[in-house]
Amino acid sequence: MLETRIRNLLLEARDYARKQGLNAEFSFHRERSSLIRLGNSAIALSTAEELSRLDVSVQEGRRVGSWTLTADITSFDQLREALNRAAENCRNSLEKDYEPIFGAVEEPVDDTTGFDPRLETISPVAKSELCARVIKALKPRGTYDFSGSWSTGATEMYYLTTANDHEAYRKLTDGRLVLVLKDQVKKWELAVEKTQKRAGEFTAEEIIQEFEALLPIYEKNPGYKTEIGNQRVLFGPQAIAQLVSLCVWGGFFGRAYEEGRAFTSRNRFGDKIFSEMVTLIDDPTNPDVFGMPFDFNGKRRRPFPLVKNGIFTNVTYDSQTAAKYGKQPTGHDLNNWDLVFGTGTGPADLKSAMELAGNALYIPHLHYVHLPDPTRGIFTGSSRFNALLIRDGRPVAPLFSSRITDSIPNVFNNVVAVAARSVAQNESSTYERRAPEAQSVPAWLLCDQVRISDVADSF
Amino acid sequence: MNICSTVEKTVRTQLKRMLEAGCSFADVRFYDEDRTERLVLYDGNLEVNYQRWEKGIGVRVLKNGAIGFAATADLNAIPECFDRALANAEAAAQLLGFPKDMGSAQPVRGKYQPRFQQDPFAVPLPEKLSLLKRVDEKLKDNTVEHRMVSAHFQKRRIFYYNSEGTEIERWVLNTFAGMTVMARDKDGKAQRRSYELDSDGTGTRGFEWLANPQAFEVHTERIKRELGEIVAAETLPPGRRDVILLPGQGHLQVHETIGHPLELDRILGYELSFAGGSHVKPEMIGTLRYGSEKLNAKVMVVENSPGTFGYDDEGTPQYEYYLIKNGILVNVLCCRLDLGEANTKAGRVVVARSGASARAAGFYKTPIDRMTNVCIEWGNDGTLEDIIRATENGVILDMPVSWSIGSNREHFHFGCEIAWEVRDGRITRVFKNPTYQGHTLEFYNSLDMVGDRSTWRLFQVANCGKGEPNQIMEVGHGVPVMRFRNVLTGEGR
Ligand SMILES: [Zn+2]
């Protein structure tokens, strides 16, 4: 549970709000983050941040106001002021045309299962040593340079409201390492990514091996410029996670669905919208994801299927959208979900997947994806790291930058096979507050008739 | 300086201690007050009513050629924050590449405050909301299915100190606002038309700007009408044609394909694993033909812009300089830290001094190379009407809907809200779903008409994302109307 000093201050603030007759929600966030950033095979930057944030929200009938503070919480006076500001904000606000749903912690949560003190305090020296081993092993092989980053940290989230006496708390650690190897002359880039929940989950040797698996094909062959048109594509974990994010964004937000802006808006639950090999669940119980147990409306988060074997099952409603459209909130008052793309029956390893693919493009990573047309689920993005041309079941050449412009429904209807093995793909961003997020995705996804819309002469 | 004296005293002592500990440079940013307010009306409902207040310090030290950064919101733990920054620098020095070097600079003592009449945070919330509500009411129409009106205010007081004796107090004050109307076309596709608060680069930055009916409210009727035209229009047929970019689209084109690739940290490969690299290499500075003779890209100190802030986060005063002069790349966006590396890699001096581009998004973020006001100088090819008259087969494009850019910014694909077809010197009809794509250098080399001062507008970008840890920054782009020849437009399947 949260440190007693701050917890007591927050409980006192809740009691004070009740005495004032205020409906108030308090959400406290504390992070201890550190990051090393690599560039040109050296550490370019090493950072450490210790930050506390408090969000206070007050609801009065159809009015809502809030106040967010980034500062150390040291006294009750600070909390009282934050509450008064939120209350004033609420009073001066506009009435909505619907009744907002006030937050209440559904059941008490005190979850520290995802916390590893060794990962919280991993030193920049230890990180630097691991990276140095990788660089030392591979740099002499060619005109290579390394860049990347390794972010680790601990996050605490604590939520309570005046609606009841429950508290929801969770503390976890997370880490993400990305190492990029670039050939300075030939300009290609390879990347290895690792997601971690605890210290010591990977070694320098594993990373070296992952690079070594790709290096010969890149070292021995010139880049290949593929043709514009429909092609068979073998997607890798990062690309699959990008497709899942776009899919959820374009098709499974209740508001877009209700307003007819989602590519699912013309469908009813029960319709078959994707291949039966596609199952998408927001599942905080999946072992690959970081598993957020509650949301910031107090809902207990449980597995929430969006698509089951290609059948459209649900869309998500945050409390605002639920209130507006007369639905029940689904536990999605938060930015970081626990998305899972269900595994299939395809072989676990990439080599067998390539044999199965026959002639295809291997695109494990999509760069700068965007949804130009959410109503039809049309997305665009370019291949980047680790992309290969596959001929007769074998990788034969690195692939030049190739742009895919297609629709999510097309791609997810043209699934040929799905790996039986899952991979944790870190999708955290470090904008503003630390918010660990990972997806569980199959190690690969083979799709037919994917539209390549542009090809470059470079990587 | 009227900074809380204990913080100031502690900071000065700690800066001295860092020099004694072997650091060649150290600096501190103390955010005494950092306020943000966001208001969003969606279909008349106030769906975002967000106020944030931040306070804390960020410390950067340079030791043995390596940079360490630490930040804290706990003002009782300032010495510990310096210790963490020092430990970070010492750890980074263990895997050292090109040693970082701040060069030397004369100490600066300065103050900066943007021009404004009404502090948005002093304006009562009901007054702000009644303005937004009034705009929202005006956006109602039979063709409009959904409406959004938003305002976003920022106010910061930042004290900067470094070990060279520089001490600066500066205020940041920004007003952003936008409005969007949405409707589905006959194919069921959501279409939109929007307006973002822009200016001719002059004027004041406070609430008075937004409250001036001629600046903001005046656009409601136009965007409703144009949405109606988009919804009734056909999709832009694919093909090669001339593209006339209005500043609403031109500013993003410049942001993505001139601004980002000219950030020195990208050029040197420090952003590779995240945002990407650049097609520009240090040795190309001074020689690369980036565009046609008509292309003049310049960092400007614009009176009214979020990219104007007096001094950057290394204490360098802002000044004006060309990035691209008559089509030739002559400079890049840089701070003090990487000049030595760029010049060594180029084998000659390609960047002589800091471009005052070091900017951090908050006290808990470290300064990185950033855009400020990356502008295109206006030209002498007349007004928009003149450019239309001179165009046989083209489209006029405005406001981004989607964008996707190659990792080295060498190629791009943009979707826009609206296209007006130009045939034989006049506008003939509106098209929906316009897109265009190209390769950066080829595209800028096809620039053949640059509009005059009457076409030049300063657009504010409130959400430029970059860096790790990620940072969101506010920048400005002043651009005229520009015509590019023979561009690939539309989507063919
Ligand atoms: Zn940007």
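What are the helix and strand percentages over residues 239-487 of chain B, and how far apart are the end C-alpha atoms? Over this span chain B is 15% helix and 37% strand, and the end C-alpha atoms are 8 Å apart. Helices (H or I, at least four residues) and strands (E, at least two) are DSSP runs, numbered from the N terminus. The model is predicted: local features need pLDDT of at least 70 and side-chain atom pairs count only at pLDDT 80 or more, whereas totals for chains, interfaces and linings use all residues. Residues are numbered from 1 along each chain as its sequence is written, chains are lettered from A and ligands numbered from 1 in the order in which they are written, and side-chain values use heavy atoms, with hydrogens and water left out.

The span of residues 239-487 of chain B corresponds to the UniProt annotation "domain: Metalloprotease TldD/E C-terminal" (unreviewed entry). UniProt positions are given in the numbering used here, feature names are shortened, and annotations may be inferred rather than shown by experiment. In chain B, UniProt also places "domain: Metalloprotease TldD/E N-terminal" (unreviewed entry) at residues 28-89. That stretch is 19% helix and 66% strand, with its end C-alpha atoms 15 Å apart. For "domain: Metalloprotease TldD/E central" (unreviewed entry), the UniProt record gives residues 119-208 of chain B; the chain there is 19% helix and 47% strand, and the end C-alpha atoms are 9 Å apart. In chain A, UniProt lists residues 229-424 under "domain: Metalloprotease TldD/E C-terminal" (unreviewed entry). The end C-alpha atoms of residues 229-424 of chain A lie 31 Å apart, and the span is 21% helix and 31% strand.

Helix packing was examined in both chains. Axes are lines fitted to C-alpha atoms, for helices over the stretch in contact, and angles run from 0 to 180 degrees between N-to-C directions. In chain B, the axes of helix α1 (residues 5-20) and helix α2 (residues 78-92) come within 10 Å and cross at roughly 30 degrees. The helices α1(B) and α2(B) are therefore roughly parallel to each other (angles under 35 degrees count as roughly parallel, over 145 as roughly antiparallel, 65 to 115 as roughly perpendicular and the rest as oblique). The crossing of α1(B) past α2(B) is right-handed; a crossing is left-handed if the near helix is turned anticlockwise from the far one by less than a right angle, and right-handed if clockwise. On the α1(B) side, B:Val7, B:Thr10, B:Val11, B:Gln14, B:Leu15, B:Arg17 and B:Met18 meet B:Ile78, B:Pro79, B:Phe82, B:Asp83 and B:Leu86 of α2(B), where contact means heavy atoms within 4.5 Å. The residues of this contact divide into 8 nonpolar, 2 polar and 2 charged (Ala, Val, Leu, Ile, Met, Phe, Trp, Tyr, Cys and Pro count as nonpolar, Asp, Glu, Lys and Arg as charged, and the others, Gly among them, as polar).

In chain A, the axes of helix α1 (residues 4-19) and helix α2 (residues 76-91) come within 10 Å and cross at roughly 40 degrees. The helices α1(A) and α2(A) are therefore oblique to each other, and α1(A) passes α2(A) in a right-handed crossing. The contact involves A:Leu9, A:Leu10, A:Glu12, A:Ala13, A:Tyr16 and A:Ala17 of α1(A) together with A:Phe76, A:Leu79, A:Arg80, A:Leu83 and A:Asn84 of α2(A). By class, 8 nonpolar, 1 polar and 2 charged residues form the contact of α1(A) with α2(A).

A further pair in chain A comprises helix α4 (residues 124-138) and helix α5 (residues 204-220), packed at an angle of about 35 degrees with their axes 9 Å apart. The crossing of α4(A) and α5(A) is right-handed. The contact of α4(A) with α5(A) has 9 nonpolar, no polar and 3 charged residues.

The structure holds 36 aromatic pairs over all chains. In one of these, the rings of B:Tyr31 and B:Phe363 have their centres 6.3 Å apart and their planes at 55 degrees, so the pair is tilted (rings of Phe, Tyr and Trp, the last by its six-membered ring, pair if their centres lie within 6.5 Å; planes under 30 degrees apart count as stacked, over 60 as edge-to-face and the rest as tilted). B:Tyr31 lies in strand β1 (residues 23-42) of chain B and B:Phe363 in the loop between β13 (358-359) and β14 (368-369) of chain B, so the pair ties together parts that are 332 residues apart in sequence.
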